[in-house]
Amino acid sequence: METTAPKKKRCCESIRDFFTSAMFLIYMGHALSTWGDRMWNFAVAVFLVELYGNSLLLTAVYGLVVAGSVLLLGANIGNWVDRNPRLKVAQTSLLVQNSCVILCGVLLMLVFHFKGQLVELYNGWILTTCYILVITIANIANLASTATSITIQRDWVVVVAGQDSSRLADMNATVRIIDQLTNILAPMLVGQIMAFGSHFIGCGFISGWNLCSMCVEYALLWKVYQKTPALAVKAGQKEQELKQLSPQRDCENNQIPEDSSQPLMNEVSVTNASDSPKQPSCCDQVSKPLHTFKAGWVAYYNQNIFFAGMSLAFLYMTVLGFDCITTGYAYTQGLNGSILSLLMGASAISGICGTVAFTWVRKKCGLIRTGFISGAAQLSCLLLCVFSVFAPGSPFDLSVSPFHDLYTHLMGEQTLPVADHSLTDALSRNATTAPPAQELPPLQSYMSVSLLFAGVIAARVGLWSFDLTVTQLIQENVMESERGVINGVQNSMNYLLDLLHFIMVILAPNPEAFGLLVIISVSFVAMGHIMYFRFAFKSLGSRLFLCCSAEQKVEMDDSPSLPTTV
């Protein structure tokens, strides 16, 4: 009895220490933030469709504005994260993001309640102004969310994990599991509220949630900051202060700073030194974001993990995911909403398995080899999607011009048989009314779409494991003073390739051309993994294909040398 009591006490103390640790508090804050983001991202698309008469126009405009803003401002957002104290960046981005969502929710409530009166005022110009305000405010909220993601997931997590690579991998995996769960559960909750209540109630619920969540997240950030003294020290700020104090002495002694290979930091420091004697002009203020944009992309190109980051970006150029494009294609092939919801659940489970597999494979084979294994697994599974293009029941037909729908819409012609089966029309049509493309036996008619989704779901294991690999490579190999701008450019690259995949669908929207989009998507995924193979071979050389034990992995570190500032 006497020996068991101390054990129970130690066990209770360890549990209490875990729930009060900075790591757990980061998990809690990320869960609240992600839950609110997922609810809002799901609801705002539904609200815009409802407001514009069941049309996808406002949703498409919103998606284009969001993607274009991150593409153009990603480097500047990251640079702002790098040049300011961590707590200030986290708190500011949190307050801006949640305040914009609350304001947008209140504005949408007013629009839904007074829509009849707003349509008649000034020939509907007041209502149009409300649409512009909603999209603008929502876009600001998304930019603030990007800043929050960069500073918490790409910087704070690294500092809290310390120099422990295994702990960093576990934290990244846990954060990704939270993402997967909230991506499924949060839209289900707000969807039920809007289904059994109304869009007005849905807006009010999201606004209230973000108000309460903002207060709790603010307190959690302060607790994490107090428990982790290293967060108060930022390498970039110290380096800039030293450079401002003695810029001429370094030039006289021909000394090259350690981060001289990174053009962005040099440009920023030179700008600071040159602007200190005199007040910057208006032209300088206007051109400064452009200089930061250019310098950020140059710094990204000069990173030793450039090809690893590019490989991740290339994975966004795909229609093989559970987005509106694949959903629209599934509707044209006769799948209803119930089956699609089950497939999305299976996809989330597959993604969670990928995050768990990442931590296990990384311990056995090392970080870089994990990326190579994950890429091979993803490509192998995506071969099922290629097979589905030529399987029975596939509508793939090269004799039908993939640009037929685009030409028809531009020239004003009407071609009902093709337009009736376009992917965009399928999004606003009941799934049960979409017949299969050909009259085949039941087993054969669904063979193609079954192979397609089997490949997509199975590939999520390799996809999320690969994503975690590249994320940790960026965390460990990018200098602390440049984590923000490099991750900002990485987000811009991701959005750029995502935009290209939407443009590809616009050019070929008919289901007969979807097989061609599948082949192009798999080709881009393959090119991405070829880039990663080049990075891995350059980093490991002939050791890439050698399996090593844990002891050998410690002796011959399989990752590029970590910066001295980390």
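Let's begin in helix H7 (residues 165-196), where Arg 176 and Asp 179 join their side chains in a salt bridge, with 3.5 Å from N to O. A salt bridge here is a side-chain nitrogen of Lys or Arg within 4 Å of a carboxyl oxygen of Asp or Glu. Because they sit 3 residues apart in the helix, Arg 176 and Asp 179 are separated by about one helical turn. Both Arg 176 and Asp 179 are buried (under 20% relative accessible area with a 1.4 Å probe, protein chains only; exposed is over 50%, and partly exposed lies in between). Helices are DSSP runs of H or I with at least four residues, numbered from the N terminus.

You are looking at a predicted model, where local features need pLDDT of at least 70 and side-chain atom pairs count only at pLDDT 80 or more, while totals for chains, interfaces and linings use all residues. Residues are numbered from 1 along each chain as its sequence is written, and side-chain values use heavy atoms, leaving out hydrogens and water.

Now move to Asp 155, which forms a salt bridge with Arg 86 at 2.7 Å, N to O. This pair links distant parts of the chain: Arg 86 lies in helix H4 (residues 86-113) and Asp 155 in helix H6 (residues 125-161), 69 residues apart. Arg 86 is buried at 2% relative accessibility, and Asp 155 is buried at 5%.

Asp 155 also meets Arg 483 in a salt bridge, again 2.7 Å from N to O. Here the partners are 328 residues apart, with Arg 483 in helix H22 (residues 483-507). Arg 483 counts as buried too, at 4% relative accessibility.

How values were computed
Helix = DSSP H or I, 4+ residues; strand = E, 2+ residues; numbered from the N terminus.
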